Amino acid sequence: MTSSAIREILKITQRPEVISFAGGLPAPELFPIEEIKNAADRVLTDHGPAALQYSTTEGHLPLRNWIAERSRISPDMVQITSGSQQGLDLLGRVLIDPGDVVLVESPTYLGALQAFAPYAPRFVEVATDDDGIVPEALDDQLAGLDAKLLYTIPTFQNPTGRTLPLARREALLEITRRRGVTIIEDGPYNELRFRGGEVETIFELARRDSSPDELNVIMLGTFSKVLAPGLRDAWVQGPRHVIDKLVQAKQAADLHSPTLNQMIITELLDDVLTNQIKIIREAYGQRAAIMIDAVARKLPEGVTCTNPEGGMFCWVTLPDETIDTEPMLAEAVDRNVAYVPGRPFYATGARSNTLRLSYVTSTEEQIRTGIDALGAVIADRLSRGVPARL
Ligand SMILES: Cc1ncc(COP(=O)(O)O)c(C=O)c1O
């Protein structure tokens, strides 16, 4: 959980004069509102009673079929969930026993830590570098550890924007298979590549030479970042023995995800979705380029920033490890700019001199003005050289 102090400060970022890079939300002006309106109209006109009725826990079959076809798996390996966030919770419920070792990236998605925490795992951080998880370090770590799960976001990671190269994905697969670890691959940003070449998902690599029941990779996908998060529609795909358990957990949690939303999304598949992905990639690519350029020019020397090939975030590290970006946030907000401090994204060994920036909900002018202000805040903090206090 973020500290209440951060939450209080982030409330101030709602003020119109504050340029906020703190959000984790997709750009709302890109939502396909007309298309969703028309699709809803068609669904209710043609299939009204079915769209408003209870339906199967596994999810709307045409939607599951589409997901299954893309990954060349059978539909009984797909469970629809209300957002990936629910997928994470349900996976925690069926896979984690108290005390189980769950390996996570350093840093990782805060929401996954929150989703798994109630099932009382022991989180262990895996060493990462600019390319993500370091396979050799993972292998060494696993030698002395009885780990059950590895949770990873290998593509345009939240919070860092990093992408794990193909060779490391293959190495990860080999190591986890050898050591009996199941990978949970979270892929909400997979479609949002704006530069560089496509890299196969770990799930795809695993599927090539595993039978459906032997797969040691479970993947989560979502329509949140490519259509709209308010639809709350996502999925988990994986071996049948896991999906069977998920169905039971899902039934107990909420019977099924909203039928109407699943049917609307099914109407949007292919044409609208493909076009939408193109629009989002282009817009996010432009905004990322502006931010990376501004960061290079305006943040003081020694400050490093990741250079994502897709997704929504970049990750800044300040050169002085004694600087804490949590109290520094108050100074930033005084200068009308906001970010998310890095500390909450670490399961254990937090590096407090880090912060996350989102580039997707700001205009070019806001990005330039905001990064200018952030540069001044960081320069000021570095020149004082003493840890800030809240
Ligand atoms: C890595 C990661 N996983 C899961 C989610 C949750 O997505 P959803 O809207 O599908 O619940 C997010 C949302 O930001 C995310 O960044």
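At 28% relative accessibility, N336 counts as partly exposed, and its place is in the loop between α12 and β13. The model in which this residue sits is a predicted one, and the domain assignment of the chain divides it into domain 1 (4-24 + 274-382) and domain 2 (33-269).

**How the two domains meet**

- The C-alpha centres of domain 1 and domain 2 lie 27 Å apart, and the contact takes 26 residues from domain 1 and 26 residues from domain 2.
- Between them, domain 1 and domain 2 bury about 2400 Å², with 59% of that area on carbon and sulfur atoms.
- Of the area that domain 1 buries against domain 2, 29% is supplied by R281, E309 and F345, which is more than any other three residues supply.
- Two salt bridges are counted between domain 1 and domain 2, and the count of residue pairs in polar contact between these domains, both residues being at pLDDT 80 or more, is 15.
- On the side of domain 1 that touches domain 2, the elements that give two or more residues are α11 and β12 (313-317), and the largest share, seven residues, comes from α11.
- The side chains of E198 and R281 meet in a salt bridge, with a distance of 3.5 Å from N to O.

**Helix α13**

- The buried residues of α13 are I367, G370, I371, A373, L374, G375, V377, I378 and R381.
- These buried residues of α13 pack against several elements, namely β1 (19-20), α11 (271-298), α12 (325-334), β13 (337-338) and β15 (354-358).
- As background, an α-helix has 3.6 residues a turn, so residues three or four places apart point the same way.

- The peptide bond from S106 to P107 is cis, with omega near 0 degrees, and P107 is found in the loop between β3 (101-105) and α5 (110-116).
- A cis peptide bond also joins N158 and P159, where omega is about 20 degrees, and P159 is found in the loop between β7 (147-152) and α7 (166-179).

- D270, a residue other than glycine, has a positive phi near 70 degrees, and D270 lies in the loop between α10 (259-268) and α11.
- With a relative accessible area of 44%, D270 is partly exposed, because this value falls between the 20% below which a residue is buried and the 50% above which a residue is exposed.
- N336, although it is not a glycine, has a positive phi of about 65 degrees.

**A buried asparagine in a loop**

- N353 has its place in the loop between β14 (340-341) and β15, and N353 is buried, since its relative accessible area is 2% and buried means under 20%.
- The side chain of N353 reaches the backbone oxygen of L318 at 2.7 Å.
- Not counting residues up to four places away in sequence, N353 touches V316, T317, L318, D320, E321, I323 and T325.

Note on methods:
Residues are numbered from 1 along each chain as its sequence is written. Side-chain values use heavy atoms; hydrogens and water are left out. Buried means under 20% relative accessible area, exposed over 50%, partly exposed in between (1.4 Å probe, protein chains only). Helices (H or I, at least four residues) and strands (E, at least two) are DSSP runs, numbered from the N terminus. Contact means heavy atoms within 4.5 Å. Domain bounds come from an automatic or database domain assignment. Buried area is the accessible area (1.4 Å probe) that two parts lose on being put together, summed over both. A salt bridge is a side-chain nitrogen of Lys or Arg within 4 Å of a carboxyl oxygen of Asp or Glu. A polar contact is a pair of N or O atoms within 3.5 Å; within protein, one must be able to donate a hydrogen and the other to accept it, and residues adjacent in sequence count only if both atoms are side-chain atoms.
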